[in-house]
Amino acid sequence: MSAQPHVNRTETEGTPTGDPWLLTPGPLTTSPTVKEAMLHDYGSRDTHFIDVNARMRERLVRIVDGGDGHVCVPLQGSGTFVVEAMLGCFVGAGDKVLILVNGAYGTRMARICEVYGRDFVVQEWAEDVPVDPQALDRALADDDSITHVAVVHCETTSGILNPIEEVAQVVQRRGRRLLIDAMSAFGAIPLSTREVSFDAVVASSNKCLEGVPGMGFCIARKEALAATKGNSPSLSLDLYDQWQAMEGNGQWRFTPPTHCILAFDRALEEFDAEGGVAGRGGRYRENCRILVQGMRDLGFETLLGDDLQAPIIVTFHMPADPNFDFDAFYDRLRARNFVIYPGKLTVAESFRIGCIGRLGADEMHAALAVIRETLADMGVTDCAPKA
Ligand SMILES: *Cc1c(COP(=O)(O)O)cnc(C)c1O
C-alpha cells in the first residue's frame, strides 16, 4: 500500500463520540450533529414537528427528481417493513409479480409474497452476476399474466449493482410496473424519475442518507399509490392509509419515531450540504477505491470485478491461510474500533467491509493500517483465497 498508515484519533479512539467505526451495511456511523438532533422530545401534533415531516417528504421526492406526480410516504420500522409494505400494497390480490433475485434481499421479497399469498415468480442469477434485462424481456414476453417486476438496486448481499435503467426500460416497453428496493443505494447512486419509471421505490433512514435506524419510506407515483386503496393485507403497513392520514393532518397514523425523524431532518441537511447524490456518491466511491486497492495490496481478492461493484459494500474472499480465522480477525478489529461484517454468500466463503456512513478517506486508510497489523499479529502471510 502506498499511503502511510495514519496513526490518528480515528485509529485509537473510534468516532468523535468514542464509538467504533461501522464498516457495515447498516446501522452505520452517523455524524455527531445527527446524533445531537435527537436531544429533543416532540409531540406528534407539534407544528414544528409537522413542518419537519413535510420538509422531509418533499426532500426525499426531490432526490429522485420527482415532482407533483410523486409522493413520499414514510413508515415506522426497519427497511424490511417498507419493502413488505410496498409489495403488500402495490401487488394486489389479482396481480402477479416477477421478482429478480441475485441475493438475499431479492429472496426476501419472494418470502414476503409467499407470506402474503401473492402470486409471484422468481427469475434467479448467481450472487456475483447482475440481473439480465434481456432474460427479463423474454420472461415478460412469455407470461402475459405478470403485472409487476420487483428488483433490488444494489444487492447488499454481495455489493453488486443491478442495471436499473435497462431493467426499467424493458418493464416499461412491456407495459408492466416496476417496484424497486433501493435501500442500500438511495442517495449515493443516481436514481431519477427521468431515466427510470417506477410505481414505487423504497429505502430507509439509516443507510446512504446517514440518519439513524427507525423508519423507511416509499416514493410512489401518486396515481399508482391511489390505486392501491384496500390492497394491503396489513393494517400497520398500509401505505395508502398512511398517505391519506398524512395528507389529512400532516401526522403519522401511529406513534411516529420522533427522534429518528429529527435526526433524519438534520441528516438530509448534511446530505444537501455535501452536494446531494453527486457529493455523497463521490465520497463513497473514493472510500471504496481506497478500500479495494488497499485490500488487494494485502493480497485479498474481491468477489466482484470493478465494473460490477457498487461503492456501498465490498465482498472479499476468505483467505486460505490456516492462520486466518474470521471470528478472531473480527474481534481484534473490533477491539481497535473498526467493525466489519460477515459474508452472506452461498457461492463462496467471504466477509464484507462497507464504504458508507459518516466516514471518509482517513478512516479507510486507518482501517487498512489496523487490518495490516492484525494480519501480522495473527501470523497470516497469504490473503489469497483457496484456489
Ligand atoms: C438493508 C437492506 C434492506 C432492509 O434491511 P433491514 O435490516 O430491515 O433494515 C432491504 N434491502 C436491501 C437491499 C438492504 O440493503
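Author: What follows starts with the ground rules, then turns to the domain contact and the charged pairs. This is a predicted model, in which local features need pLDDT of at least 70 and side-chain atom pairs count only at pLDDT 80 or more, while totals for chains, interfaces and linings use all residues. Residues are numbered from 1 along each chain as its sequence is written, and side-chain values use heavy atoms, with hydrogens and water left out.

Start with the domains. Domain 1 covers 21-32 + 276-378, and domain 2 covers 34-272. These bounds come from an automatic or database domain assignment. The C-alpha centres of the two domains lie 27 Å apart. Domain 1 brings 30 residues to the contact and domain 2 brings 34. Contact here means heavy atoms within 4.5 Å. Between them, the domains bury about 2600 Å², with 56% of it on carbon and sulfur atoms. Buried area is the accessible area (1.4 Å probe) that two parts lose on being put together, summed over both.

Now the charges. Side chains of opposite charge can pair when their charged atoms come close. A salt bridge is a side-chain nitrogen of Lys or Arg within 4 Å of a carboxyl oxygen of Asp or Glu. Three salt bridges cross the interface of domain 1 and domain 2. The interface also holds 20 residue pairs in polar contact, both residues at pLDDT 80 or more. A polar contact is a pair of N or O atoms within 3.5 Å; within protein, one must be able to donate a hydrogen and the other to accept it, and residues adjacent in sequence count only if both atoms are side-chain atoms. On the side of domain 1 that touches domain 2, α11 (276-297) and β11 (313-317) each supply at least two residues. The largest share, six residues, comes from α11. Helices (H or I, at least four residues) and strands (E, at least two) are DSSP runs, numbered from the N terminus.

Look at E210. Its salt bridge is with R283, and the closest N and O atoms are 2.9 Å apart. E210 sits in the loop between β9 (200-204) and β10 (215-221). Its phi is positive, about 60°, although E210 is not a glycine. E210 is buried, at 4% relative accessibility. Buried means under 20% relative accessible area, exposed over 50%, partly exposed in between (1.4 Å probe, protein chains only).

Next, the wider search. The whole structure has 24 salt bridges. In one of them, E247 meets R57 at 3.0 Å, N to O. E247 lies in helix α9 (residues 239-249) and R57 in helix α3, so this pair ties together parts that are 190 residues apart in sequence. E247 is partly exposed at 46%, whereas R57 is buried at 12%.

D199 and R177 make another salt bridge, with the closest N and O atoms 2.8 Å apart. D199 lies in the loop between β8 (177-181) and β9, and R177 in strand β8, so the pair links parts 22 residues apart in sequence. D199 is buried at 4%. R177 is partly exposed at 37%.

K386 pairs with E349 at 3.3 Å, N to O. Both K386 and E349 are exposed. Finally, salt bridges that share partners join E210, E274, R280, R283 and R358 into one network.
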